Amino acid sequence: MSETRFSEETIKVVNSIVSRYPEGKQKSALIPVLHIAQAEFGGWLSSDTMDYVASLLEIKPIEVYEVASFYSMFNLKPVGKCLLEVCHTGPCMLNGAEELVSYLERKLGIKSGETTADGMFTIREVECLGSCGTAPMLQCGRDFHENLTNEKVDALLDKLKAEGKQKSYVDQD
Amino acid sequence: MAGKKILLEHIDVPGINTYEVYRKMGGYRSVEKAIKSMSPDDVVEEVKKSGLRGRGGAGFPTGMKWSFLAKPEGRPRYLVCNADESEPGTFKDRYLMEKIPHALIEGMITSSYALGANTSYIYIRGEYFYVLRILEKAIAEAYANGFLGKNILGSGYDLDLYVHPGAGAYICGEETALLESLEGKRGNPRIKPPFPAVAGLYACPTVVNNVETIAAVAPIVNMGGDEYAKIGVGRSTGTKLISAGGHLNRPGVYEIELGVPVEEFIYSDEYCGGIKNGKKLKAVVAGGSSVPILPANLILKTANNEQRLMSYESLADGGFVSGTMLGSGGFIAFDEDSCIVRNTWNFARFYHHESCGQCSPCREGTGWMEKILHRLEYGHGKMSDIDLLVDVSKKIEGNTICPLGDAAAWPVASAIRHFRDEFEWHVNEPKLCLERNYGISQKHEVVM
Ligand SMILES: Cc1cc2nc3c(=O)[nH]c(=O)nc-3n(C[C@H](O)[C@H](O)[C@H](O)COP(=O)(O)O)c2cc1C
Ligand code: SF4
Ligand code: FES
C-alpha cells in the first residue's frame, strides 16, 4: 500500500472541516475526518491511518483509537469493496430482514459477517437505519436500498459487480 | 378530524427541496419576521405560548427549555440540532430533511436568533450521509441568499451553520452523548447536572433540540404561538410527524394533528390503511422501541374504555400499567401472527449492542436480558426466566447515568406485563414456537 497521506485536495477539505469548530477545538473534526480516511485508505482504519489522522489533528493516537473503536461505522479490519449492511431490527425483522440475509448468504456463498473470497462483498447485520417503513432494506456505502425483493437484490448485486465498488459515504455530490 | 398539515404542507410541490421553490411557497418568512420585527426574547415567548413540546422523545416544553439557557457575558451559546434519529421505528427526521431540507435550515436560523447563537450545528447520524449532502446544499443556498453568514438581512446578526456526521451509535441521540461526540469523543453520556443549558458544547450554554422541534419553530413564528396552540388537543399542541411501520398496509411518514384517534390512524385510508394481508392487530409500539408495548385492546381504548388518541396525555393514560408514551412517534404495528417474545429479544439485542458500557446495570443488564430472551425464544427457557427478566429490568431502571437503561428495561417489562402467557407458551411448547417462528429460516443456531 502506498503511503498513508491525503492528497492536497483532501487536505483542503480537512482544513475546511477543522475551521467549522472554534480555535483549539480541532478534535471535533475527528469523526468527519475518519470518515474521509476510511473511504480513501481501503475502507477500513489501520493503525497507520489512525496515527496519521492523529498527527493531522494534533491529538494523541489513543484519542483516535478510542473513538474509532466506539462507532459501528468505523471498520478496524478490512471489509469487502461493497459492504452490504442489512438492518435486522424489529420493524425490518417483521418484514423479512432474516429472509433477506438468508438470500444474500445463499447468493454469495458466505455467512453473515463474512467476506467473499474475491474481496468483493461483505454481509453485515446492523441495527435500525431509519428506513423502517420501507423494509426490508440494506445500505451499501452511501446508498439505501429499500423495499427489497429477491429480484431487486439480484439486480443490485449485478450492478455492484459491474461497477466494482460502492458509492462512498463522503462523495461530494 | 381531517389532517392539518404544517411541516409537510408543501411536500408534494415539485422542487420543494430547492431554495427557489421553498422560498416561493413562503419559506424563510419566519427569519424575516423574527429578525426585522421581533427581539430574541419575543421569539422565545411565542414558542412558549405555542405549547410546543420536544419531538425527539421526551416531550419537554421547548419554550421552557429555551428559557433555561444561561447567558453569561462574553461566552458563546450554541444551538445543536439532534438529527441522530436511531430509535428503532423512527424515520421521520430523515424524511423531512431529505424532502424539505430548508424547513430545518429555516428553523435553525430563527431558533439560533432566539437563543443568541452565532454558530450552530446539525449533528446527523453517519448513515444519513446522503442527507448531510442535501442539507449542505441547502445551507449553501441559504448563505447565497443572505439568510446565513454575516449581518443577516442587514440586521447585524451573524450566524454560521454546519452539519456534523456521527458514525453509528444510537447513544449519540442522548443529548450529552451527542455533545461528547460532537467534541470528537466517544459517545458516553455525561452525568447531569450540569445540564447543557449551563455547560453543554465546549462547556458553553447549549440547547439541543430534535429536527422536527426546530422545524416547527418557523410556522410558530409565522402564525404566532397562540394560533399554533389552538391546533391539537389539550397540552398536546400542534402537529406531529409519525413514522409508521411494521405490519401496516401503508407504512410511511404521516403528519397528524395531535389528538387523532389511534384507531383512525391505523385503519383509515388517510393514514395507515389497516393491517397488512387483512390480518388482525395484535399489539402496537406507539413511540419508538423504547416505549412500552400495548396489546390491541389497550392501544385502541384506555383502561377506562375511552378512545385512545395520538397525544402525549392519552397515550400515557394508565401510566405503565395500561398506557405507554408518544415518544419519538415511531409507530410499529404487529399483526396477530407476530411473536412478542421474538420481538422483545430483538429489541433487547439492540439495547445491548447500543449500551455505551459506562454503568454496570445497563452494560451487564442489557446483556443478561438479551441472553435470557434468546434462550426463551429458542426453546431453552425455564419458567423462572420470566420473573428473572422482570427482576433484571427492575434493577436497570432508574439506576443508570442516562435513560438508555430505562429504555432497555421498559420494552421487556411491558411485554411480560401484557403477554406473559406467550412467554409461558415458549417455555411449555418450545417445539411449537420454533416451528412457528423459524419454519422459514434455519440460519440461527442456538448458542447457549
Ligand atoms: C438513548 C437515547 C437516544 C435518543 N435519541 C434521540 C434521537 O435520535 N433524536 C432526538 O431528537 N432525540 C433523541 N433522544 C432525546 C435527546 O436526549 C433529547 O432529549 C432531545 O434531543 C431533545 O430535543 P427535543 O426537546 O426537541 O425533543 C434520545 C435520548 C436517549 C436517552
Ligand atoms: S445507561 Fe447505558 S447507555 Fe446510558 S450511560 Fe449508562 S451504560 Fe451508557
Ligand atoms: S428497523 Fe430496519 S430501518 Fe428501522
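## Shell around ligand 1

Ligand 1 is surrounded by 18 residues, each with a heavy atom within 4 Å of it. Among the closest are Gly56(B), Asn82(B) and Asn209(B). This is a predicted model: local features need pLDDT of at least 70, side-chain atom pairs count only at pLDDT 80 or more, and totals for chains, interfaces and linings use all residues. Residues are numbered from 1 along each chain as its sequence is written, chains are lettered from A and ligands numbered from 1 in the order written, and side-chain values use heavy atoms, without hydrogens and water.

The shell has four nonpolar, eight polar and six charged residues. Gly counts as polar here. Strand β4 (residues 206–210) of chain B gives the most, with three residues; strands are DSSP runs (E, at least two residues).

## Polar contacts and burial

Polar contacts are pairs of N or O atoms within 3.5 Å. A backbone N or O atom of Gly56(B) lies 2.7 Å from a ligand 1 oxygen. For a side-chain N or O atom of Asn209(B), the distance to an oxygen atom of ligand 1 is 2.9 Å. The protein buries 89% of the 600 Å² that ligand 1 exposes when taken alone (Shrake-Rupley method, 1.4 Å probe).

## The pocket

Ligand 1 takes up the space of the largest pocket: more than half of its atoms lie within 2 Å of the grid points. A pocket is an open set of points on a 1 Å grid where a 1.4 Å probe fits, with protein on both sides within 12 Å along at least five of seven lines. This pocket holds about 1300 Å³ of space, the volume filled by probe spheres set on the points.

Its lining has 49 residues, each with an atom within 4 Å of a point. β4(B) supplies the largest share, five residues.

Terms used. A polar contact is a pair of N or O atoms within 3.5 Å; within protein, one must be able to donate a hydrogen and the other to accept it, and residues adjacent in sequence count only if both atoms are side-chain atoms. Helices (H or I, at least four residues) and strands (E, at least two) are DSSP runs, numbered from the N terminus.
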